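This report looks at a few local features of one protein chain. Please have the sequence and the 3D view at hand while reading.

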Amino acid sequence: MIWVAFPVRSYSQPAPDSTSYYYQAIISTNSKTETLQAIVYFQRKLEQALKRKDTVAALYAQRLLVIGQYEMDFLNDSEETATNALKLLESLNDSPYTLENKKAFYINLGRVYRSLQNPKTALYYYDKVLALVTSKKDSIIHLNNRATVYIDMEAYDLALRELEQAFKKAEQKQEALTIAKTQDNLGFVQSKLGRPEGLPNLQAALALRLPLNDLPGIYSSYRHLTEYHLDKKEFTQAEAYAQKAYQTAKILNSASYLENAIANLIRTKNDTNFSNYLFLTDSLAKAKLAQENSYAGIKFEFEKEARRANANELEKEKQKRYKIVYQALGGVVLLSGIYLFFFLRDRNKKKTQQAIYTTETRISKKVHDEVANDVYHVMTKLQNNHTQDEALLDDLEQIYTKTRDISKESGAIEVHQHFDTLLSDLLLSYQSAEVSIITRNIAKIDWDALPNTKKTTLYRVLQELMTNMRKHSKATVVVLVFSKKGGTYQIAYTDNGLGTHLKKRGGLLNTENRMETINGRISFESEPDKGFKATITV
(Lines give C-alpha, C1' and ligand atoms only; values in the text may rest on other atoms or scores of the structure.)
Protein backbone atom coordinates (compact mmCIF):
# COMPACT_ATOMS: atom_id res chain seq x y z
CA MET A 1 0.00 0.00 0.00
CA ILE A 2 1.27 3.50 -0.84
CA TRP A 3 0.71 6.82 0.91
CA VAL A 4 -0.61 9.93 -0.86
CA ALA A 5 0.09 13.55 0.10
CA PHE A 6 -3.30 15.30 0.36
CA PRO A 7 -3.48 19.08 -0.02
CA VAL A 8 -4.39 21.38 2.83
CA ARG A 9 -6.54 24.42 2.01
CA SER A 10 -4.58 27.66 2.16
CA TYR A 11 -7.56 30.02 2.06
CA SER A 12 -8.14 32.28 5.03
CA GLN A 13 -11.92 32.25 4.43
CA PRO A 14 -14.03 29.05 4.50
CA ALA A 15 -14.12 27.33 1.07
CA PRO A 16 -17.35 27.63 -0.93
CA ASP A 17 -19.70 24.66 -0.75
CA SER A 18 -18.86 23.62 -4.34
CA THR A 19 -15.10 23.58 -3.59
CA SER A 20 -15.66 21.58 -0.41
CA TYR A 21 -17.94 19.14 -2.25
CA TYR A 22 -15.51 18.53 -5.09
CA TYR A 23 -12.60 18.31 -2.64
CA GLN A 24 -14.37 15.36 -0.99
CA ALA A 25 -15.14 13.93 -4.43
CA ILE A 26 -11.38 13.75 -5.08
CA ILE A 27 -10.25 12.61 -1.64
CA SER A 28 -12.85 10.14 -0.46
CA THR A 29 -15.60 9.48 -3.02
CA ASN A 30 -16.15 6.07 -4.59
CA SER A 31 -18.06 7.50 -7.55
CA LYS A 32 -16.18 7.77 -10.83
CA THR A 33 -18.79 10.26 -12.06
CA GLU A 34 -18.23 12.56 -9.08
CA THR A 35 -14.45 12.29 -9.47
CA LEU A 36 -14.74 13.25 -13.16
CA GLN A 37 -16.92 16.25 -12.25
CA ALA A 38 -14.36 17.26 -9.60
CA ILE A 39 -11.53 17.06 -12.16
CA VAL A 40 -13.43 19.37 -14.54
CA TYR A 41 -14.20 21.76 -11.64
CA PHE A 42 -10.59 22.03 -10.44
CA GLN A 43 -9.27 22.29 -14.01
CA ARG A 44 -11.45 25.39 -14.41
CA LYS A 45 -10.27 26.70 -11.02
CA LEU A 46 -6.65 26.19 -12.12
CA GLU A 47 -7.16 28.17 -15.34
CA GLN A 48 -8.78 31.04 -13.40
CA ALA A 49 -5.99 31.08 -10.82
CA LEU A 50 -3.25 31.15 -13.47
CA LYS A 51 -5.03 33.95 -15.32
CA ARG A 52 -5.08 36.16 -12.21
CA LYS A 53 -1.57 34.92 -11.21
CA ASP A 54 -2.82 33.46 -7.91
CA THR A 55 -0.03 30.91 -7.27
CA VAL A 56 -1.50 29.57 -4.02
CA ALA A 57 -4.89 28.80 -5.58
CA ALA A 58 -3.22 27.31 -8.68
CA LEU A 59 -1.06 24.93 -6.65
CA TYR A 60 -4.06 23.89 -4.52
CA ALA A 61 -6.04 23.02 -7.65
CA GLN A 62 -3.08 21.15 -9.14
CA ARG A 63 -2.60 19.03 -6.01
CA LEU A 64 -6.21 17.88 -6.20
CA LEU A 65 -6.05 17.36 -9.95
CA VAL A 66 -3.03 15.02 -9.84
CA ILE A 67 -4.82 12.84 -7.26
CA GLY A 68 -8.11 12.79 -9.17
CA GLN A 69 -6.43 12.09 -12.50
CA TYR A 70 -4.39 9.29 -10.95
CA GLU A 71 -7.49 7.70 -9.38
CA MET A 72 -9.22 7.80 -12.78
CA ASP A 73 -6.15 6.17 -14.37
CA PHE A 74 -5.46 9.31 -16.40
CA LEU A 75 -1.80 8.70 -15.70
CA ASN A 76 -0.37 10.88 -18.45
CA ASP A 77 -2.63 13.77 -17.41
CA SER A 78 -1.63 13.33 -13.76
CA GLU A 79 2.03 13.31 -14.76
CA GLU A 80 1.66 16.47 -16.83
CA THR A 81 -0.26 18.34 -14.10
CA ALA A 82 2.40 17.47 -11.50
CA THR A 83 5.19 18.52 -13.87
CA ASN A 84 3.52 21.88 -14.61
CA ALA A 85 3.10 22.45 -10.88
CA LEU A 86 6.81 21.81 -10.31
CA LYS A 87 7.63 24.32 -13.06
CA LEU A 88 5.47 26.85 -11.24
CA LEU A 89 7.25 26.07 -7.96
CA GLU A 90 10.65 26.55 -9.63
CA SER A 91 9.82 30.26 -10.00
CA LEU A 92 9.21 30.66 -6.25
CA ASN A 93 11.69 31.06 -3.40
CA ASP A 94 12.05 28.10 -1.07
CA SER A 95 9.82 28.22 1.99
CA PRO A 96 8.04 25.63 4.16
CA TYR A 97 4.98 26.08 1.90
CA THR A 98 6.84 25.54 -1.40
CA LEU A 99 8.86 22.62 -0.03
CA GLU A 100 5.68 20.92 1.21
CA ASN A 101 4.14 21.29 -2.26
CA LYS A 102 7.26 19.96 -3.99
CA LYS A 103 7.20 16.93 -1.72
CA ALA A 104 3.53 16.25 -2.60
CA PHE A 105 4.11 16.47 -6.36
CA TYR A 106 7.24 14.30 -6.18
CA ILE A 107 5.25 11.63 -4.33
CA ASN A 108 2.48 11.75 -6.93
CA LEU A 109 5.00 11.51 -9.78
CA GLY A 110 6.50 8.49 -8.03
CA ARG A 111 3.05 6.87 -7.92
CA VAL A 112 2.44 7.67 -11.60
CA TYR A 113 5.75 6.20 -12.78
CA ARG A 114 5.24 3.15 -10.58
CA SER A 115 1.86 2.58 -12.27
CA LEU A 116 3.50 3.19 -15.66
CA GLN A 117 5.87 0.29 -14.93
CA ASN A 118 8.89 2.60 -14.74
CA PRO A 119 10.45 1.73 -11.36
CA LYS A 120 13.72 3.58 -11.98
CA THR A 121 11.97 6.93 -12.45
CA ALA A 122 9.55 6.18 -9.61
CA LEU A 123 12.53 5.66 -7.27
CA TYR A 124 14.12 8.84 -8.63
CA TYR A 125 11.12 10.91 -7.54
CA TYR A 126 10.71 9.12 -4.21
CA ASP A 127 14.37 9.85 -3.50
CA LYS A 128 13.82 13.55 -4.26
CA VAL A 129 11.33 13.49 -1.39
CA LEU A 130 14.14 12.38 0.96
CA ALA A 131 15.85 15.79 0.76
CA LEU A 132 12.61 17.41 1.93
CA VAL A 133 11.73 15.02 4.76
CA THR A 134 11.22 16.93 8.01
CA SER A 135 9.42 14.48 10.30
CA LYS A 136 9.44 10.84 11.33
CA LYS A 137 6.08 10.31 9.60
CA ASP A 138 7.50 11.67 6.33
CA SER A 139 10.45 9.33 6.70
CA ILE A 140 8.14 6.32 7.18
CA ILE A 141 6.14 7.30 4.08
CA HIS A 142 9.34 7.67 2.06
CA LEU A 143 10.66 4.23 3.09
CA ASN A 144 7.30 2.52 2.43
CA ASN A 145 6.97 4.11 -1.00
CA ARG A 146 10.45 2.98 -2.00
CA ALA A 147 9.66 -0.51 -0.70
CA THR A 148 6.53 -0.80 -2.86
CA VAL A 149 8.63 -0.12 -5.97
CA TYR A 150 11.12 -2.81 -4.95
CA ILE A 151 8.17 -5.20 -4.39
CA ASP A 152 6.97 -4.51 -7.95
CA MET A 153 10.48 -5.33 -9.15
CA GLU A 154 10.47 -8.47 -6.95
CA ALA A 155 13.63 -7.10 -5.34
CA TYR A 156 12.41 -8.32 -1.95
CA ASP A 157 15.78 -8.04 -0.18
CA LEU A 158 15.90 -4.32 -0.98
CA ALA A 159 12.27 -3.90 0.04
CA LEU A 160 12.95 -5.68 3.34
CA ARG A 161 15.77 -3.28 4.17
CA GLU A 162 13.51 -0.25 3.67
CA LEU A 163 10.56 -1.73 5.58
CA GLU A 164 12.58 -2.85 8.60
CA GLN A 165 13.71 0.74 9.05
CA ALA A 166 10.18 2.04 8.51
CA PHE A 167 8.67 -0.41 11.01
CA LYS A 168 11.11 0.59 13.76
CA LYS A 169 10.18 4.23 13.24
CA ALA A 170 6.47 3.43 13.08
CA GLU A 171 6.63 1.59 16.43
CA GLN A 172 8.30 4.63 17.98
CA LYS A 173 5.58 6.89 16.59
CA GLN A 174 2.90 4.62 18.11
CA GLU A 175 0.16 5.39 15.57
CA ALA A 176 -1.92 2.27 14.95
CA LEU A 177 -2.70 3.09 11.30
CA THR A 178 0.94 3.82 10.48
CA ILE A 179 2.11 0.66 12.26
CA ALA A 180 -0.53 -1.44 10.45
CA LYS A 181 0.41 -0.15 6.99
CA THR A 182 4.10 -0.72 7.55
CA GLN A 183 3.67 -4.09 9.27
CA ASP A 184 1.43 -5.36 6.44
CA ASN A 185 4.03 -4.46 3.79
CA LEU A 186 6.79 -5.92 5.95
CA GLY A 187 4.89 -9.19 6.49
CA PHE A 188 4.21 -9.50 2.76
CA VAL A 189 7.92 -9.07 1.88
CA GLN A 190 8.97 -11.48 4.63
CA SER A 191 6.53 -14.09 3.30
CA LYS A 192 7.99 -13.70 -0.19
CA LEU A 193 11.45 -14.35 1.28
CA GLY A 194 10.20 -17.40 3.18
CA ARG A 195 10.65 -15.75 6.58
CA PRO A 196 8.52 -17.42 9.32
CA GLU A 197 7.59 -14.02 10.80
CA GLY A 198 5.80 -13.03 7.59
CA LEU A 199 2.39 -14.54 8.40
CA PRO A 200 2.25 -13.26 12.04
CA ASN A 201 3.01 -9.73 10.80
CA LEU A 202 0.29 -9.94 8.12
CA GLN A 203 -2.23 -11.15 10.70
CA ALA A 204 -1.18 -8.50 13.26
CA ALA A 205 -1.63 -5.73 10.68
CA LEU A 206 -5.14 -6.98 9.84
CA ALA A 207 -6.01 -7.13 13.56
CA LEU A 208 -5.02 -3.46 13.92
CA ARG A 209 -6.99 -2.36 10.86
CA LEU A 210 -10.33 -4.05 11.57
CA PRO A 211 -11.28 -1.96 14.66
CA LEU A 212 -10.22 1.21 12.82
CA ASN A 213 -12.53 0.33 9.88
CA ASP A 214 -9.68 1.24 7.55
CA LEU A 215 -11.33 -0.24 4.42
CA PRO A 216 -8.46 0.38 1.92
CA GLY A 217 -6.04 -1.02 4.51
CA ILE A 218 -8.29 -4.00 5.28
CA TYR A 219 -8.49 -4.74 1.55
CA SER A 220 -4.69 -4.61 1.32
CA SER A 221 -4.37 -7.08 4.22
CA TYR A 222 -6.85 -9.53 2.63
CA ARG A 223 -5.04 -9.24 -0.70
CA HIS A 224 -1.64 -9.94 0.88
CA LEU A 225 -3.00 -12.88 2.88
CA THR A 226 -4.52 -14.25 -0.33
CA GLU A 227 -1.11 -13.94 -2.01
CA TYR A 228 0.57 -15.63 0.97
CA HIS A 229 -1.65 -18.72 0.78
CA LEU A 230 -1.46 -18.87 -3.02
CA ASP A 231 2.34 -19.00 -2.75
CA LYS A 232 1.91 -21.89 -0.30
CA LYS A 233 -0.52 -23.64 -2.70
CA GLU A 234 -3.13 -23.41 0.08
CA PHE A 235 -6.03 -22.61 -2.24
CA THR A 236 -8.83 -23.04 0.30
CA GLN A 237 -7.37 -20.46 2.69
CA ALA A 238 -6.47 -18.23 -0.27
CA GLU A 239 -10.04 -18.31 -1.56
CA ALA A 240 -11.42 -17.43 1.89
CA TYR A 241 -9.30 -14.27 2.03
CA ALA A 242 -9.99 -13.47 -1.64
CA GLN A 243 -13.75 -13.59 -0.91
CA LYS A 244 -13.27 -11.17 2.03
CA ALA A 245 -11.22 -8.88 -0.22
CA TYR A 246 -14.00 -8.97 -2.84
CA GLN A 247 -16.66 -8.06 -0.26
CA THR A 248 -14.49 -5.16 0.95
CA ALA A 249 -13.99 -3.96 -2.64
CA LYS A 250 -17.77 -3.91 -3.14
CA ILE A 251 -18.17 -1.73 -0.04
CA LEU A 252 -15.44 0.58 -1.37
CA ASN A 253 -17.34 0.62 -4.69
CA SER A 254 -14.08 1.09 -6.57
CA ALA A 255 -13.59 -0.36 -10.04
CA SER A 256 -9.84 -0.83 -9.55
CA TYR A 257 -10.37 -2.63 -6.22
CA LEU A 258 -13.12 -4.83 -7.73
CA GLU A 259 -11.01 -5.69 -10.77
CA ASN A 260 -8.10 -6.73 -8.57
CA ALA A 261 -10.35 -8.70 -6.19
CA ILE A 262 -11.98 -10.66 -9.05
CA ALA A 263 -8.58 -11.46 -10.56
CA ASN A 264 -7.41 -12.86 -7.23
CA LEU A 265 -10.59 -14.92 -6.85
CA ILE A 266 -9.95 -16.43 -10.27
CA ARG A 267 -6.38 -17.29 -9.26
CA THR A 268 -7.60 -19.21 -6.20
CA LYS A 269 -9.52 -21.62 -8.53
CA ASN A 270 -6.17 -22.98 -9.68
CA ASP A 271 -7.40 -23.08 -13.27
CA THR A 272 -4.58 -22.98 -15.84
CA ASN A 273 -6.72 -21.36 -18.53
CA PHE A 274 -7.79 -18.56 -16.20
CA SER A 275 -4.21 -18.06 -15.05
CA ASN A 276 -2.96 -17.81 -18.66
CA TYR A 277 -5.72 -15.34 -19.45
CA LEU A 278 -4.78 -13.13 -16.48
CA PHE A 279 -1.11 -13.26 -17.41
CA LEU A 280 -1.88 -12.26 -21.01
CA THR A 281 -4.21 -9.46 -19.93
CA ASP A 282 -1.59 -8.11 -17.52
CA SER A 283 1.12 -8.23 -20.17
CA LEU A 284 -1.04 -6.36 -22.70
CA ALA A 285 -1.89 -3.72 -20.09
CA LYS A 286 1.80 -3.20 -19.31
CA ALA A 287 2.68 -2.90 -23.00
CA LYS A 288 -0.07 -0.33 -23.49
CA LEU A 289 1.19 1.69 -20.54
CA ALA A 290 4.71 1.65 -21.92
CA GLN A 291 3.46 2.83 -25.31
CA GLU A 292 1.29 5.62 -23.90
CA ASN A 293 3.88 6.90 -21.42
CA SER A 294 4.57 10.55 -22.30
CA TYR A 295 7.39 10.97 -19.74
CA ALA A 296 6.57 14.64 -19.15
CA GLY A 297 8.29 14.46 -15.79
CA ILE A 298 11.47 13.05 -17.31
CA LYS A 299 11.42 15.79 -19.94
CA PHE A 300 11.00 18.39 -17.23
CA GLU A 301 14.03 17.06 -15.31
CA PHE A 302 16.07 16.92 -18.54
CA GLU A 303 15.19 20.53 -19.35
CA LYS A 304 16.03 21.55 -15.79
CA GLU A 305 19.41 19.79 -16.01
CA ALA A 306 20.06 21.54 -19.34
CA ARG A 307 19.26 24.91 -17.74
CA ARG A 308 21.52 24.04 -14.83
CA ALA A 309 24.32 23.01 -17.23
CA ASN A 310 24.03 26.34 -19.09
CA ALA A 311 24.05 28.19 -15.80
CA ASN A 312 27.15 26.22 -14.78
CA GLU A 313 28.89 27.17 -18.03
CA LEU A 314 28.10 30.84 -17.44
CA GLU A 315 29.32 30.52 -13.87
CA LYS A 316 32.53 28.84 -15.07
CA GLU A 317 33.14 31.69 -17.53
CA LYS A 318 32.50 34.24 -14.81
CA GLN A 319 34.84 32.40 -12.43
CA LYS A 320 37.47 32.29 -15.18
CA ARG A 321 37.31 36.09 -15.54
CA TYR A 322 37.43 36.48 -11.77
CA LYS A 323 40.46 34.19 -11.69
CA ILE A 324 42.34 36.41 -14.17
CA VAL A 325 41.49 39.51 -12.13
CA TYR A 326 42.47 37.78 -8.88
CA GLN A 327 45.76 36.62 -10.42
CA ALA A 328 46.53 40.17 -11.55
CA LEU A 329 45.67 41.54 -8.13
CA GLY A 330 47.70 38.75 -6.55
CA GLY A 331 50.71 39.76 -8.67
CA VAL A 332 50.36 43.39 -7.60
CA VAL A 333 50.02 42.37 -3.96
CA LEU A 334 53.03 40.05 -4.24
CA LEU A 335 55.24 42.73 -5.80
CA SER A 336 54.02 45.24 -3.21
CA GLY A 337 54.76 42.73 -0.46
CA ILE A 338 58.30 42.13 -1.77
CA TYR A 339 58.94 45.87 -1.99
CA LEU A 340 57.51 46.41 1.49
CA PHE A 341 59.62 43.56 2.89
CA PHE A 342 62.89 45.01 1.58
CA PHE A 343 61.85 48.54 2.53
CA LEU A 344 61.07 47.53 6.12
CA ARG A 345 64.17 45.37 6.34
CA ASP A 346 66.30 48.27 5.15
CA ARG A 347 64.57 50.66 7.56
CA ASN A 348 64.97 48.23 10.47
CA LYS A 349 68.63 47.75 9.56
CA LYS A 350 69.09 51.53 9.69
CA LYS A 351 67.25 51.66 13.00
CA THR A 352 69.40 48.88 14.39
CA GLN A 353 72.55 50.58 13.15
CA GLN A 354 71.37 53.86 14.65
CA ALA A 355 70.64 52.14 17.98
CA ILE A 356 74.10 50.54 17.97
CA TYR A 357 75.69 53.87 17.11
CA THR A 358 73.71 55.63 19.87
CA THR A 359 74.66 52.98 22.43
CA GLU A 360 78.33 53.10 21.41
CA THR A 361 78.29 56.90 21.55
CA ARG A 362 76.65 56.85 24.97
CA ILE A 363 79.19 54.36 26.34
CA SER A 364 82.07 56.29 24.72
CA LYS A 365 80.82 59.58 26.21
CA LYS A 366 80.33 57.93 29.60
CA VAL A 367 83.87 56.54 29.55
CA HIS A 368 85.23 59.91 28.44
CA ASP A 369 83.25 61.98 30.94
CA GLU A 370 83.49 59.76 33.96
CA VAL A 371 86.60 57.62 33.60
CA ALA A 372 89.00 59.51 31.34
CA ASN A 373 88.63 62.76 33.27
CA ASP A 374 89.21 60.98 36.57
CA VAL A 375 92.27 59.23 35.16
CA TYR A 376 93.58 62.60 33.91
CA HIS A 377 93.20 64.14 37.40
CA VAL A 378 95.01 61.21 38.99
CA MET A 379 97.83 61.58 36.47
CA THR A 380 98.03 65.31 37.26
CA LYS A 381 98.25 64.56 40.97
CA LEU A 382 101.02 62.07 40.35
CA GLN A 383 102.94 64.62 38.27
CA ASN A 384 102.58 67.36 40.89
CA ASN A 385 103.16 64.82 43.72
CA HIS A 386 101.00 66.91 46.10
CA THR A 387 98.98 64.02 47.54
CA GLN A 388 99.71 61.02 49.66
CA ASP A 389 99.56 57.50 48.26
CA GLU A 390 96.42 56.72 50.27
CA ALA A 391 94.51 59.54 48.60
CA LEU A 392 95.61 58.24 45.22
CA LEU A 393 94.33 54.79 46.12
CA ASP A 394 90.92 56.29 46.99
CA ASP A 395 90.80 58.04 43.62
CA LEU A 396 91.73 54.87 41.79
CA GLU A 397 89.04 52.94 43.71
CA GLN A 398 86.44 55.45 42.58
CA ILE A 399 87.59 55.05 38.98
CA TYR A 400 87.34 51.27 39.34
CA THR A 401 83.82 51.56 40.74
CA LYS A 402 82.69 53.75 37.82
CA THR A 403 84.28 51.39 35.31
CA ARG A 404 82.51 48.42 36.95
CA ASP A 405 79.19 50.25 36.81
CA ILE A 406 79.60 51.07 33.12
CA SER A 407 80.49 47.44 32.48
CA LYS A 408 77.36 46.37 34.31
CA GLU A 409 75.21 48.76 32.30
CA SER A 410 76.52 47.59 28.94
CA GLY A 411 77.46 43.94 29.45
CA ALA A 412 75.50 40.83 28.46
CA ILE A 413 72.80 39.61 30.86
CA GLU A 414 71.84 35.98 31.47
CA VAL A 415 68.03 36.23 31.75
CA HIS A 416 67.12 32.63 30.85
CA GLN A 417 66.66 31.37 34.42
CA HIS A 418 65.85 32.77 37.86
CA PHE A 419 65.04 36.23 36.57
CA ASP A 420 63.56 37.22 39.95
CA THR A 421 66.93 36.53 41.60
CA LEU A 422 68.75 38.47 38.88
CA LEU A 423 66.50 41.51 39.43
CA SER A 424 66.81 41.28 43.19
CA ASP A 425 70.61 41.22 42.92
CA LEU A 426 70.52 44.23 40.60
CA LEU A 427 68.29 46.30 42.87
CA LEU A 428 70.03 45.35 46.10
CA SER A 429 73.39 46.27 44.57
CA TYR A 430 72.24 49.91 44.86
CA GLN A 431 71.56 49.51 48.59
CA SER A 432 73.99 51.22 50.96
CA ALA A 433 74.20 52.59 54.47
CA GLU A 434 72.40 55.70 53.20
CA VAL A 435 69.82 54.07 50.87
CA SER A 436 67.31 51.30 51.68
CA ILE A 437 65.92 49.31 48.72
CA ILE A 438 62.54 47.62 49.31
CA THR A 439 60.97 45.21 46.80
CA ARG A 440 57.53 43.59 46.96
CA ASN A 441 56.17 40.51 45.16
CA ILE A 442 59.20 40.13 42.91
CA ALA A 443 59.42 36.38 43.64
CA LYS A 444 55.66 35.84 43.17
CA ILE A 445 55.66 36.84 39.51
CA ASP A 446 55.73 34.17 36.79
CA TRP A 447 58.71 35.57 34.88
CA ASP A 448 59.01 32.50 32.62
CA ALA A 449 56.07 33.73 30.53
CA LEU A 450 57.96 36.94 29.65
CA PRO A 451 60.15 36.70 26.49
CA ASN A 452 63.91 37.03 27.06
CA THR A 453 64.15 40.19 24.91
CA LYS A 454 61.62 41.90 27.18
CA LYS A 455 63.40 40.64 30.31
CA THR A 456 66.66 42.19 29.06
CA THR A 457 64.98 45.52 28.30
CA LEU A 458 63.22 45.53 31.68
CA TYR A 459 66.52 44.84 33.43
CA ARG A 460 68.23 47.76 31.62
CA VAL A 461 65.34 50.16 32.35
CA LEU A 462 65.44 49.37 36.09
CA GLN A 463 69.22 49.73 35.99
CA GLU A 464 68.86 53.19 34.42
CA LEU A 465 66.30 54.22 37.06
CA MET A 466 68.46 53.02 39.94
CA THR A 467 71.56 54.71 38.52
CA ASN A 468 69.62 57.92 38.07
CA MET A 469 68.43 57.63 41.70
CA ARG A 470 71.94 57.16 43.05
CA LYS A 471 73.38 60.05 41.06
CA HIS A 472 70.69 62.68 41.45
CA SER A 473 67.90 61.97 43.88
CA LYS A 474 69.68 61.71 47.28
CA ALA A 475 66.87 59.33 48.25
CA THR A 476 67.07 57.31 51.45
CA VAL A 477 64.23 54.89 50.63
CA VAL A 478 63.34 53.27 47.28
CA VAL A 479 60.27 51.02 46.95
CA LEU A 480 59.55 48.82 43.92
CA VAL A 481 56.21 46.94 43.76
CA PHE A 482 55.84 44.17 41.15
CA SER A 483 52.43 42.91 39.87
CA LYS A 484 50.93 40.92 36.99
CA LYS A 485 47.39 40.97 35.61
CA GLY A 486 46.71 38.53 32.79
CA GLY A 487 49.65 38.85 30.45
CA THR A 488 50.60 42.36 31.60
CA TYR A 489 53.53 43.03 33.94
CA GLN A 490 53.70 46.25 35.95
CA ILE A 491 56.40 47.76 38.19
CA ALA A 492 55.71 50.80 40.37
CA TYR A 493 58.91 52.65 41.40
CA THR A 494 58.87 55.29 44.20
CA ASP A 495 61.67 57.10 46.02
CA ASN A 496 61.74 59.90 48.62
CA GLY A 497 64.45 61.88 46.91
CA LEU A 498 64.71 65.54 46.00
CA GLY A 499 62.39 65.28 43.04
CA THR A 500 62.63 67.61 40.06
CA HIS A 501 60.83 69.42 37.28
CA LEU A 502 60.70 66.63 34.72
CA LYS A 503 62.87 67.06 31.67
CA LYS A 504 63.23 63.88 29.70
CA ARG A 505 66.85 63.64 28.75
CA GLY A 506 69.78 61.38 29.33
CA GLY A 507 68.83 58.24 31.27
CA LEU A 508 65.07 58.96 31.45
CA LEU A 509 64.81 59.47 27.70
CA ASN A 510 66.82 56.31 27.17
CA THR A 511 64.36 54.29 29.29
CA GLU A 512 61.44 55.53 27.17
CA ASN A 513 63.21 54.53 23.97
CA ARG A 514 63.98 51.10 25.38
CA MET A 515 60.34 50.51 26.40
CA GLU A 516 59.06 51.53 22.95
CA THR A 517 61.18 48.82 21.30
CA ILE A 518 59.21 46.10 23.18
CA ASN A 519 55.79 47.83 22.89
CA GLY A 520 55.93 48.70 26.57
CA ARG A 521 55.34 51.97 28.42
CA ILE A 522 57.05 53.96 31.13
CA SER A 523 55.63 57.10 32.76
CA PHE A 524 57.19 59.52 35.28
CA GLU A 525 55.84 61.73 38.04
CA SER A 526 57.98 64.15 40.06
CA GLU A 527 58.07 67.58 41.64
CA PRO A 528 60.78 69.31 43.66
CA ASP A 529 60.93 68.04 47.25
CA LYS A 530 58.19 65.42 46.52
CA GLY A 531 60.29 62.49 45.41
CA PHE A 532 60.20 60.59 42.15
CA LYS A 533 57.76 57.99 40.73
CA ALA A 534 57.83 55.80 37.67
CA THR A 535 55.37 53.18 36.35
CA ILE A 536 56.59 50.50 33.96
CA THR A 537 54.12 48.40 31.96
CA VAL A 538 55.07 45.59 29.62
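Val-112 is buried, because its relative accessible area is 0% and buried means under 20%. The model in view is a predicted one. Val-112 belongs to helix H5, which covers residues 96–115. Which residues touch Val-112, once its neighbours within four places in sequence are left aside? They are Tyr-70, Leu-75, Ser-78 and Glu-79.

Another buried residue is Arg-209, with a relative accessible area of 0%. Arg-209 is part of helix H10 (residues 198–212). Its side chain makes a polar contact with the side chain of Ser-221, at 2.8 Å.

Two loop residues come next. Gln-117 sits in the loop between H5 and helix H6 (119–130), and Asn-213 sits in the loop between H10 and H11. Gln-117 has a positive phi although it is a residue other than glycine, and Asn-213, also not a glycine, has a positive phi too. Is Asn-213 buried or exposed? Asn-213 counts as exposed, because its relative accessibility is 54% and the cut-off for exposed is over 50%. Gln-117, at 42%, counts as partly exposed. The table lists the values for these two residues.

| Residue | Phi | Relative accessibility |
|---|---|---|
| Gln-117 | near 60 degrees | 42% |
| Asn-213 | about 55 degrees | 54% |

The last topic is a pair of helices. Helix H11 spans residues 215–231 and helix H13 spans residues 255–268. How do these two helices pack? Their angle is about 20 degrees, and their axes are 11 Å apart. H11 is therefore roughly parallel to H13, since angles under 35 degrees count as roughly parallel. The crossing of H11 and H13 is left-handed.

On the H11 side, the residues that meet H13 are Pro-216, Tyr-219, Arg-223, Thr-226, Glu-227 and Leu-230. On the H13 side, they are Tyr-257, Asn-260, Ala-261, Asn-264, Arg-267 and Thr-268. Sorted by type, the residues of this contact are 5 nonpolar, 4 polar and 3 charged.

Key
Residues are numbered from 1 along each chain as its sequence is written. This is a predicted model: local features need pLDDT of at least 70, side-chain atom pairs count only at pLDDT 80 or more; totals for chains, interfaces and linings use all residues. Side-chain values use heavy atoms; hydrogens and water are left out. Axes are lines fitted to C-alpha atoms, for helices over the stretch in contact, and angles run from 0 to 180 degrees between N-to-C directions. Helices (H or I, at least four residues) and strands (E, at least two) are DSSP runs, numbered from the N terminus. Angles under 35 degrees count as roughly parallel, over 145 as roughly antiparallel, 65 to 115 as roughly perpendicular and the rest as oblique. A crossing is left-handed if the near helix is turned anticlockwise from the far one by less than a right angle, and right-handed if clockwise. Contact means heavy atoms within 4.5 Å. Ala, Val, Leu, Ile, Met, Phe, Trp, Tyr, Cys and Pro count as nonpolar, Asp, Glu, Lys and Arg as charged, and the others, Gly among them, as polar. Buried means under 20% relative accessible area, exposed over 50%, partly exposed in between (1.4 Å probe, protein chains only). A polar contact is a pair of N or O atoms within 3.5 Å; within protein, one must be able to donate a hydrogen and the other to accept it, and residues adjacent in sequence count only if both atoms are side-chain atoms.
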